[in-house]
Amino acid sequence: MKQGTQGSAGTGVPDPSATRAAWVPPQQRAADVGRDRDLGDGASAVRGEHTHSETPIPRPRQVLQRPSVRGQILDALRTALVGGELTPGEVYSAPALGERFGVSATPVREAMQQLATEGAVEVVPNRGFRVIERGARELAELAEIRALIEVPVMLRLARTVPAARWADLRPLAEGTVRAASSGCRATYAESDRAFHCGLLSLSGNEQLVHIAEDLHRRAQWPLVGGPAARGRADLVADAAEHLELLEALCAGEWDMVQSLVREHFAGAV
């Protein structure tokens with residue numbers, strides 16, 4: 001008579017010398033089967049059990065995709081800030097802004113919280129968000145920090161990046177010229193930031209690009225007293241420096257590059 005899983009003397013009870021840990025009382029086995037049927041294949045995987053004849057397949061994750069209302073509102077608020085539509089020192093409530101953009105207060109509140117981390121607004125308890133009042137001194141400090149970070153990187157890249165890579169950035173530079181010609185400060189701010197990020201991205205340092213972009217964005221928030229004094233002519237001149245810089249980079253004129261880079265940041269003060 002065989003011993004083991006058939007039991008001793010045909011009693012149906014597992015032999016104590018067999019693998020005791022593998023034996024499960026019939027009542028428990030029935031309960032497990034019922035629970036697995038209710039919960040699906042994932043229940044067995046949780047306990048480490050597998051069907052002998054199948055390869056276990058992970059349960060697919062449900063991916064929810066929807067338009068980013070928060071992101072759209074954040075972009076709209078940034079544009080309104082740079083364009084001077086939101087006045088420094090004024091308090092704006094999320095419900096009022098939501099009504100303006102045709103959305104609920106929730107995505108507006110979330111977007112405003114992001115702007116608070118960027119230094120554009122501050123939270124006013126039970127009222128809303130106040131647009132930060134900034135002066136020329138803070139703008140000059142931001143320009144100095146940007147120069148300390150970006151100028152050395154650009155000068156290093158000028159000696160290491162092939163001319164063809166610089167030529168690839170021409171569409172971004174030309175984009176700033178078109179944006180400047182429109183006279184829209186918000187449109188130019190976006191294209192100007194894209195150009196500078198494109199230059200710095202050649203360093204391969206993503207953290208550098210993120211930090212520089214944040215500083216650049218902060219430097220574009222409105223000053224006390226309304227929109228900054230830079231008009232269309234100033235924007236056009238600033239954009240022209242981008243093309244001039246690219247031409248010097250492609251030609252390998254290092255002295256010209258150094259002069260243009262430093263002058264460009266000095267003009268941002």
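Tutor: A residue counts as buried when its relative accessible area is under 20%. This model is predicted. Of the 269 residues in its chain, 33% count as buried.

Student: How many helices and strands does the chain have?

Tutor: The chain has 12 helices and 3 strands.

Student: What share of the contacts between residues at least 6 apart in sequence join residues at least 24 apart?

Tutor: That share is 66%.

Student: Which residues does L199 touch, leaving aside its neighbours within four places in sequence?

Tutor: L199 is in contact with M154, L157, W166, L169, L245, L246 and L249.

Student: How do I read the packing of two helices?

Tutor: Two numbers describe a packed pair: the angle between the axes and the distance between them. Take α4 (residues 94–101) and α5 (residues 105–117). Their axes are 8 Å apart, at an angle of about 115°. Angles from 65 to 115 degrees count as roughly perpendicular, and α4 and α5 are therefore roughly perpendicular to each other. Their crossing is right-handed.

Student: Which residues of α4 and α5 meet?

Tutor: From α4 come A94, P95, L97 and G98. From α5 come A105, V108, R109 and M112. By type, the contact of α4 with α5 has 6 nonpolar residues, 1 polar and 1 charged.

Student: Now the pair α3 and α4. At what angle do their axes cross?

Tutor: The axes of α3 (residues 69–82) and α4 cross at roughly 100° and come within 12 Å. So α3 and α4 are also roughly perpendicular to each other. On the α3 side, the contact uses I73, A76, L77 and A80. On the α4 side, it uses L97, R100 and F101. These residues divide into 6 nonpolar, no polar and 1 charged.

Student: Is D75 buried, exposed or partly exposed, and what is its relative accessible area?

Tutor: D75 lies in helix α3. Its relative accessible area is 45%, so D75 is partly exposed. D75 and A111 are 36 residues apart in sequence. In space, their C-alpha atoms are 8.8 Å apart.

Student: And H242: buried or exposed?

Tutor: H242 sits in helix α11. Its relative accessibility is 0%, so H242 counts as buried. Setting aside neighbours within four places in sequence, H242 is in contact with A173, T176, Y188, D192, F195, H196 and H264.

Student: Where is N126 placed?

Tutor: N126 is in the loop between β2 (121–124) and β3 (128–131). Exposed means over 50% relative accessible area. N126 has 84%, so N126 is exposed.

Notes. Residues numbered from 1 in each chain as written. Predicted model: local features only at pLDDT ≥ 70, side-chain atom pairs only at ≥ 80, totals over all residues. Heavy atoms only, no water. Contact = heavy atoms within 4.5 Å. Axes fitted to C-alpha atoms, helices over the stretch in contact; angles between N-to-C directions. Helix = DSSP H or I, 4+ residues; strand = E, 2+ residues; numbered from the N terminus. Parallel < 35°, antiparallel > 145°, perpendicular 65-115°, else oblique. Left-handed = near helix turned anticlockwise from the far one by under 90°. Nonpolar A, V, L, I, M, F, W, Y, C, P; charged D, E, K, R; others polar. Buried < 20%, exposed > 50% of the residue type's maximum accessible area, 1.4 Å probe, protein only.
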